[in-house]
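Reader: Hi! Could you walk me through this one? I'd like to start with the terms you use.

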Amino acid sequence: MASINLRELAYSRSGDKGDLSNVVVAPFDERDYEWLGKHLSIEVVHDHFEKLVHGTINRYEMPGTKMFNFVMERALQGGVSRSLNIDMHGKSRASLMLGIRLEYGDHDPPPSKR
């Protein structure tokens, strides 16, 4: 089994609305979009953010723009006006997302790395 760090394949941006945190992931190379769709699952993101996110995580695919939007509920300790959290807007979530290591079989590397 091989693995790759998400930051080698994609960039991300994060935002907030109340106690929701959303992180958009976009591959550098559009050829990796389908591969990321298979490997960057809700379960993988949930395992990575389990100590920070206390609600549901949803993934929205945006094939027209080749991006994924992960919306995390109960993720910001109440939101900007209620939280004493240092990162109350959740801006560090984009960088945290890129720290995910994606596992794949030896015969299934990302298209841009073949």
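Author: Buried means under 20% relative accessible area, exposed over 50%, and partly exposed in between, with a 1.4 Å probe and protein chains only. This is a predicted model, where local features need pLDDT of at least 70, side-chain atom pairs count only at pLDDT 80 or more, and totals for chains, interfaces and linings use all residues. Residues are numbered from 1 along each chain as its sequence is written, and side-chain values use heavy atoms, leaving out hydrogens and water.

Reader: Great. How many aromatic pairs does the structure hold?

Author: There are 3. Rings of Phe, Tyr and Trp (its six-membered ring) pair if their centres lie within 6.5 Å; planes under 30 degrees apart count as stacked, over 60 as edge-to-face and the rest as tilted. Tyr33 and Phe68 are stacked, because their ring centres are 4.6 Å apart and their planes at 15 degrees.

Reader: And where do Tyr33 and Phe68 lie?

Author: Tyr33 is in helix α1 and Phe68 in strand β5, so the pair ties together parts 35 residues apart in sequence. Helices (H or I, at least four residues) and strands (E, at least two) are DSSP runs, numbered from the N terminus.

Reader: What about Trp35 and Tyr104, stacked or edge-to-face?

Author: Edge-to-face, at 5.6 Å centre to centre with 75 degrees between the planes. Trp35 sits in helix α1 and Tyr104 in strand β6, 69 residues apart. Both Trp35 and Tyr104 are buried.

Reader: New topic: which residues is Asp108 in contact with, sequence neighbours within four places aside?

Author: Trp35, Lys38, His39 and Arg114, where contact means heavy atoms within 4.5 Å. Asp108 itself is in the segment after β6.
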